[in-house]
Structures are given as C-alpha cells and as structure tokens.
Amino acid sequence: FFSTVTILGSLHKYKNNLCFHFTDIDNSGYVSDYELQDLFKEASLPLPGYKVREIVEKIIAVTDSNKDGRINFEEFVSIIQELKSKDVSKSFRKSINKKQGITAIGGTSAISSEGTQHSYSEEEKVAFVKWINKALEDDPDCKHLLPMNPSDASLFKSLADGILLCKMINFSQPDTIDERAINKKKLTPFTISENLNLALNSASAIGCTVVNIGSQDLQEGKPHLVLGLLWQIIKVGLFADIEISRNEALIALLNEGEELDQLMKLSPEELLLRWVNYHLANAGWQKISNFSQDIKDSRAYYHLLNQIAPKGDGFDELPIKIDFSGFHDKNDLRRAEYMLQQADKLGCRQFVTPADVVAGNPKLNLAFVANLFNTYPALHKPDNSSYDLNLLEGESKEERTFRNWMNSLGVSPYVNHLYSDLSDALIIFQLYDMTRVPVDWNHVNKPPYPLLGGNMRKIENCNYAVELGKTKARFSLVGIAGHDLNEGNPTLTLALVWQLMRRYTLNVLSDLGEGEKVNDEIIIKWVNQTLAKANKKTSITSFK
C-alpha cells in the first residue's frame, strides 16, 4: 500500500478512515445525509447544515461511482480530496464533464463563473419536457410555448415568463393558483416578475423547497435551479393520491399482522415499493428493494405490467395483453425497449427511456412507477371493516399548511406525515435552527435508533425540544411534555409548531424591515394602511 502512495497521503487516508467509521454509527459501511455533516467535521472540513444539504445531491450525481445512492468510504475520500484541493473548481468541473448525461455549466455571474460549477441531467430535462408537453397540450394559454423540443434548451426559455410554472403547479395541485392572478397577455418585465413570484410562493405553499431560488434565477433559466424546482412540482402531483386517506384501496398492501397506523406512516416512496412488491408476489417473482439496481434488467417491470394491465373483467373494459416475447432477450437495452413498448399500451411510457432503465436512474424510475400506479393501481379495498375509520380522515388544511411550510424550508427528511415524522423531534430541531434558537446538536440523539431503547432516545429528543421552546425560544408550552410530541398529540404538537412558524415569519419580516422588531400590532397597522391606500373600506383589528 505504502509503495503506491506517499506517506502523507496515507496518513490523510488513515485519518479519513477513522472519521468515516466513527461517524458510520450503524456500521453499515455507508453514511447517510444526516451523518455526512459530522463526517465532514471529523475530517477537518466543517460545513454548516444547509451547505451539506446543498451538496448532497451533487455528491450523489458526481461521486457516487457505483450508483447505489449511498456514500461509501472510497467515495467519501474522493470528496474530501476534491474539497481540500486548491484546484477544486477545475477538478470538480472535470469530474462532472466525464459523467455521461451530465451537462456542466459555469457560474452565471462575473464573480462566480470562474470557480462555480453547476450540472444537470440531460435525461431528466428530456423526461420533464415530455411530461409537460403531454400535461398541458390542451391548455390554450400555453399554445405559444408548447410543444417544447426535448433536445434543446427551449424548456428554460419557455419557463421564463412564469405561465408554464403556474400551470404545472395547478396541474399537480388543482386550484392552488387562481387563474385570474396569472398575467397572460401583453407581458412586461414587471408582470413577468409577478408571475414568477406567484409561482415560487405557490410552489412553497404545496411543500416545494424554494430556498435560494429567486424570480431572476428562473427568468434567466438557470438549469440546475429550474430542473430542481420542476422535479419537486411534478413529484407533488405524482404522489398526491399515494396516500391511504385519499386512496383507501392501499389498505390491501397491509402485511400479515400489521396495523393500519403502521401502514399510514409509510412515505409515498415506501408505499410505491410495497405496491410493486405486492404485484410481484402475486406474479411469483422476487421482490425488489429499490428503483435503481433491482429494476435494471426490466424483468420486474414486465411482471408488474402484466399484473396491472386490464383483464377485461369490468364493464366496458377492454383487455390489454402484455407481450413477454422480449422478456428473455439477452441485451438489456433491447429488453428495456420491448418492456416500454408494453407500457405504452397502457399509456404509461413517460419519464424513462431504455437507457434510463438500464442505468437504474432512481428519480426517473420512481416517476415511471408512480405514473403506473396513478393510471392502473389494480388494488381493491378489503371487504372487512375492522379498521379504525378515524385514521382515514386525512390531514386538515391547518396540518397540511404546517407540513408544507416545513418542507418548503428544506428540512430533512421530507415530512410526509406531520405527527409521526416529528416523533423524534429532529425536524423540530432543524426548525429551531432556522428560527435562530440555538440547538446543542451534541445533546441530540440521531438515527438509526436501536431496537431496544430506541423510543426512549426519541422521547429524550422531544424532552429537549420542549425545554428549548420554554427556555430559549420563550414559547408558551404550558402542559406540554416530550411524550406528547413523541405520541403525536395533535393539539399539543400544533401548539409548538404554530409558535415556530410564527417566530419564523416574524424573523423574515424583521429582516425585511432592516432589523426592526415586528409584532401583531405593526402587521395589523400595515394591513389597514394598505387597504386604505387601495380605497378599501374594510379593516382588521386582530388575527383572531
């Protein structure tokens, strides 16, 4: 070993190895995004949380050499070497350019263009263009923009006036934007800016992370920002009905001995995986554990299509036969193409090409499967009614507002279920950070939690979250204890979350007012003055 590298390099690698295994708390040989921040710190390269979140996707795209969506030791060493190198911008640019399907662009400002490197996936751009073309093909307000050419940069130009973005938000979440608020004719720089700000605010309202994205970025068509926002908007629409409260047939996915509340805690991604494996089990085929490595040979997709294809049993339902003649083709690309031809019979060829399937692109394959589910779920709600129907009520508008607010700030992991996802308080600690309440992260228990005593560690986190709220944030938390958050008590959890959101909003307003302290009285006064200037006779006296 020492004959092939310098002594100094070996010592650095040895140190990084110690850091890696120290931080790999579950001894899996890999690190997750929440472990990555500690890992950088141990390797003498401390980075703030937001910066780690910003580079996670870039790391996966560029450095994840075996494309499994995780970071192992060798990949981590290459990250450290890149980040510590004096020529980091040049070497990072070269590493991106070597990746097939990755387009690299320099910084877009005079200051940043020398040392900044952004990248985006051509495959994702093509997939998103085709999806938008199909989704909005009949919209008269988009005739001047569609269809877009997937092979050029027309996507970034077409989104510049904000109309397409607003339309896609309404396609994913109907009635989010009042159509009358969209400027569609005789556009000026001012009305275009209004459209883009409307789109960004609305994207935030449905749970998209829009931190560090401005209307100018979209107007200039910065590819990495445009595609990142588009994917979030598209995913919101694809996942909208993959929720038990909105699709009770998903109860059929319950495993033997599993309670309904356990199934309801699963994320849409986990439910999709459960759905695929449900049909694969019925087909007598082996289960899959991801939408990347396990689907590369297309064979699982063949069996899934065969299971969900209409059999002609229903009224006016025509059968669709899935042809397995390409199933045994020895060439992976040809087999994937034959499989997609069968998916096309169901009208579900969107998002992936044969190359995307064979490459195991997790994002596009997830979208492909979600579209299959939304079109042909092939599930039937069980006849017995032994389930607690109160669990199926779904979230209230208030709960959805809080959950989308959290997600719009980029908390990790994504909040799919408000109460169960806050049960270990990790999201609450991130919100404290964002609302300028100091958190001692050394005092926080981090996942994965052990089977024995794991819930006790979560309760310890919740106790600390309540303590911070009372002592540091000075919230009113009378009668609220850590176990209330852990158990997901709706009233008491919302009491804390509401005060967090209020504090965040007041901080934003204070920043806009150059540090002037903002309270309810100042906001009410501003509202009434604004109404008066617009010759409105209405006014408000409080927010109650």
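**Figure 1. Buried residues of helix 22 (490–512) in a predicted model.** Thr493, Leu494, Leu496, Val497, Gln499, Leu500, Leu506, Asn507 and Ser510 of helix 22 are buried, where buried means under 20% relative accessible area, with exposed over 50% and partly exposed in between (1.4 Å probe, protein chains only). Helices (H or I, at least four residues) and strands (E, at least two) are DSSP runs, numbered from the N terminus. The cover over these buried residues includes helix 18, helix 19 (426–434), helix 21 (482–486) and helix 23. An α-helix has 3.6 residues a turn, so residues three or four places apart point the same way. Residues are numbered from 1 along each chain as its sequence is written. In this predicted model, local features need pLDDT of at least 70 and side-chain atom pairs count only at pLDDT 80 or more, while totals for chains, interfaces and linings use all residues; side-chain values use heavy atoms, leaving out hydrogens and water.

**Figure 2. The span and ends of helix 22.** The end C-alpha atoms of helix 22 are 33 Å apart, which agrees with the 33 Å that its 23 residues should span at 1.5 Å a residue; the expected span is 1.5 Å times one less than the number of residues. At the start of the helix, a side-chain oxygen of Asn489 comes to within 3.2 Å of the backbone nitrogen of Thr491. Glu514, which follows helix 22, has a positive phi, near 55°.

**Figure 3. The second largest pocket.** The space in this pocket is about 370 Å³, and of its 14 lining residues, Trp498, Arg502, Thr505, Asp520 and Phe543 are the closest to the centre. A pocket is an open set of points on a 1 Å grid over the protein atoms alone, where a 1.4 Å probe fits, with protein on both sides within 12 Å along at least five of seven lines; lining residues have an atom within 4 Å of a point. Grid points are joined across faces, edges and corners, and the volume is the space filled by probe spheres set on the points. Helix 18 (397–408), helix 22 and helix 23 (520–533) each supply at least two lining residues, and helix 22 gives the most, with 6.

**Figure 4. The surroundings of Ser267.** Ser267 lies in the loop between helix 12 (260–264) and helix 13 (268–283). Ser267 counts as buried because its relative accessibility is 10%. Apart from neighbours within four places in sequence, Ser267 is in contact (heavy atoms within 4.5 Å) with Asn416 and His417.

How values were computed. Polar contact = N/O pair within 3.5 Å; in protein donor to acceptor, adjacent residues only side chain to side chain.
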